[in-house]
Amino acid sequence: MTQDNRDNLLERRWEQQTERRKQRLHTAARLRQRGLMVVMEDVHNPHNLAAIARSCDAFGIQQVAFTVQDHNLFDPQNVGRISSSSASKWLDYRIFEAGTVDCFTQLQAEGWHLMATVAGDDIPSLYDVDLTQHEKLAVLVGNEHRGLSPKAVDMADSHITIPMRGMIQSFNVSVATAIILAEVTRQRQASPVDFNISEDDAWALALDFMQRRQT
């Protein structure tokens, strides 16, 4: 099928959608954030994967990356379908089978600023850092048991910590991810810069959503 034929087919399918459905697809696409990605280092628990997928979809993050060096390769969309209401269906995934160094090197070459969450009294608080200063920000989250590896922390471009007041000084990885994404989104919405994707990209993504909905 040629590109023109494919485009015509998509347009016909789009016109067959109800107005309510078209509006929902376009609105969700238009509110996706540009230049924001979540990168999971060896996160493999299905419940955490599903929860992080839900948070990414809810906060308008389209791109999610994985490193899977220490575990068998898996399909995050299949995991999401099993353990959640298919939030993973609406996300785009990049899987780096060669591990952390390969992943981080590639993303940095593409211009992504890698931000790691670590514990420490000398680490800047999430709420004191200007999270709008980077056009392409990748939020790094680590393994459920060990957090980010020393190599990941060392390769990150910056570090933040989530302030805590209790006896336990760590969050579940999915909770920590949601907290960070909420603050990034809050700062971006308050910024004079428009961090939503362009209208052209939104329409293209809405058409893509339409196809995903039918699978």
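Me: Which helix does Thr177 lie in?

Reply: Thr177 lies in helix α7, residues 173-190. Bear in mind that this is a predicted model.

Me: Is Thr177 buried or exposed, and why?

Reply: Relative accessibility decides, and buried means under 20%. Thr177 is at 0%, so it counts as buried.

Me: Which residues is Thr177 in contact with, leaving aside neighbours within four places in sequence?

Reply: Those residues are Val38, Ile52 and Val141.

Me: Now α2. How many residues has it, and what span does it reach?

Reply: Compare the end-to-end reach with the expected value. Helix α2 covers residues 19-30, which is 12 residues. From first C-alpha to last it reaches 16 Å, close to the 16 Å expected at 1.5 Å a residue.

Me: Which residues of α2 are buried?

Reply: Lys22, Leu25, His26 and Ala29 are buried. They span an arc of only 95° around the axis, so they sit on the same side of α2. The face turned away from that buried side carries Arg20 and Arg24, both exposed.

Me: Where is Arg32?

Reply: Arg32 is in the loop between α2 and β1, the latter being 36-41. Its relative accessibility is 3%, so Arg32 counts as buried.

Me: Which side chain does Arg32 join in a polar contact?

Reply: That of Gln62, at 2.5 Å. Beyond four places in sequence, Arg32 also touches other residues, including Asp57, Trp90, Phe195 and Phe209.

Technical notes: Residues are numbered from 1 along each chain as its sequence is written. This is a predicted model: local features need pLDDT of at least 70, side-chain atom pairs count only at pLDDT 80 or more; totals for chains, interfaces and linings use all residues. Side-chain values use heavy atoms; hydrogens and water are left out. Helices (H or I, at least four residues) and strands (E, at least two) are DSSP runs, numbered from the N terminus. The expected span of a helix is 1.5 Å times one less than its number of residues. Buried means under 20% relative accessible area, exposed over 50%, partly exposed in between (1.4 Å probe, protein chains only). The arc is that of the directions from the helix axis to the C-beta atoms. A polar contact is a pair of N or O atoms within 3.5 Å; within protein, one must be able to donate a hydrogen and the other to accept it, and residues adjacent in sequence count only if both atoms are side-chain atoms. Contact means heavy atoms within 4.5 Å.
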